[in-house]
Amino acid sequence: MSIVVQGVTKLYGSQKALDNVSFEIKTGEIVGFLGPNGAGKSTMMKIITGFMPPTTGKVYVNGIDTSAGSPEIKKNIGYLPENNPLYPEMYVREYLQFAASLYKSGISVREQIDRIINITGLEPEQKKKIGSLSKGYRQRVGLAQALIHDPDVLILDEATTGLDPNQIVEIRNLIRDAGREKTVMLSTHIMQEVEAICDRVIIIDKGVIVADEAKSDIYSKISSSRQTILVEFDRDPEEAMLSAIPGVDSFRKAKDRIWIIEAGGEEDIRPAIFSFAVNNKLTVLSLQKQESNLEEVFRILTT
Ligand code: ADP
Ligand code: MG
């Protein structure tokens, strides 16, 4: 089931949250919607799911205009809203029953709830009140709610924000498994999330799409552009010696014995740094390649 966004603009008063946004997501794709806070991610997702109309432009899910409020759309889309508003006084099972009753999916509701509780690992918590669950389990309930009617399209808004590292891994695995037979769009401001789950990334900044690439292309762009290495020697080298390392563009001292070395080009600069150290009777105490962060991705893709 595909998603087609055509020239969507959204104004909040005089503020333009989305500015003529267009993209398509094909059936079965898992797409990361990446951007800093305030970029327009949640706004776009509310429009795709039919919760809010665009000011101008159109969104079609499986060919159906989502602004028309068609019940077909709600049946086909599972939506995990940002901050996942749940009902704290409801019990997990009761809430999922309620969510299922909104859709009349045609399958035995009880069986479906059992299946989803199993998939999302909620068995141990199913008899508890939502308000008493940890954030990770509340997020599972949110995902269970989004999956309960077995939709073909999943729209997940910041599904892992605020979770601890173990919970993040678990929720990512859940999304990856659920995404095997579905079309998935997930928003995040974390590049690593895209790396872990997605096939493709759409980057939005200030309401405008600034990049739309297969994940592998994004990485080749980043890795072939710049390498930043943080290296600690047992003593400070002469600056003139450092500049002689083949491939090094620039370097600066971060603090005693710790240097930041930058290099361009495709070839990994780290072996050259090691040979430099050996040749100059220095010892490398640690060496770290700085991971590309979101800011860097933006800088590279937008310049
Ligand atoms: P993101 O999810 O990428 O953080 P949002 O879609 O939530 O971005 O917000 C995009 C912009 O629109 C932000 O500047 C935000 O302040 C503004 N905005 C979002 N919702 C509303 C609203 N209901 N009323 C007014 N402005 C809003
Ligand atoms: Mg948001």
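1. K281 is exposed, because its relative accessibility is 68% (exposed is over 50% relative accessible area, buried under 20%, partly exposed in between, with a 1.4 Å probe and protein chains only). K281 sits in the loop between α10 (270–279) and β14 (284–289). Helices (H or I, at least four residues) and strands (E, at least two) are DSSP runs, numbered from the N terminus. Phi of K281 is near 55°, a positive value in a residue other than glycine.

2. On provenance: this is a predicted model, where local features need pLDDT of at least 70, side-chain atom pairs count only at pLDDT 80 or more, and totals for chains, interfaces and linings use all residues. Residues are numbered from 1 along each chain as its sequence is written, and side-chain values use heavy atoms, without hydrogens and water.

3. N62 also deserves a check. It is not a glycine, yet its phi is positive, about 50°. The loop between β4 (56–61) and β5 (64–65) holds N62. N62 is partly exposed, because its relative accessible area is 41%.

4. Next, the surface. Y87, F98 and L102 form a nonpolar patch with about 310 Å² of accessible area together. Patch residues have over 30% relative accessible area and no salt bridge; like charges are joined within 9 Å, nonpolar side chains (Val, Leu, Ile, Met, Phe, Trp, Tyr) within 5 Å. A salt bridge is a side-chain nitrogen of Lys or Arg within 4 Å of a carboxyl oxygen of Asp or Glu. Areas are Shrake-Rupley values with a 1.4 Å probe; for residues, only the protein chains shown count as cover. Y87 lies in the loop between β6 (77–80) and α3 (92–101). Y87 counts as partly exposed, because its relative accessibility is 44%.

5. The chain splits into domain 1 (3–219) and domain 2 (227–301), with bounds from an automatic or database domain assignment. Their C-alpha centres lie 40 Å apart.

Methods. Chains lettered and ligands numbered in written order.
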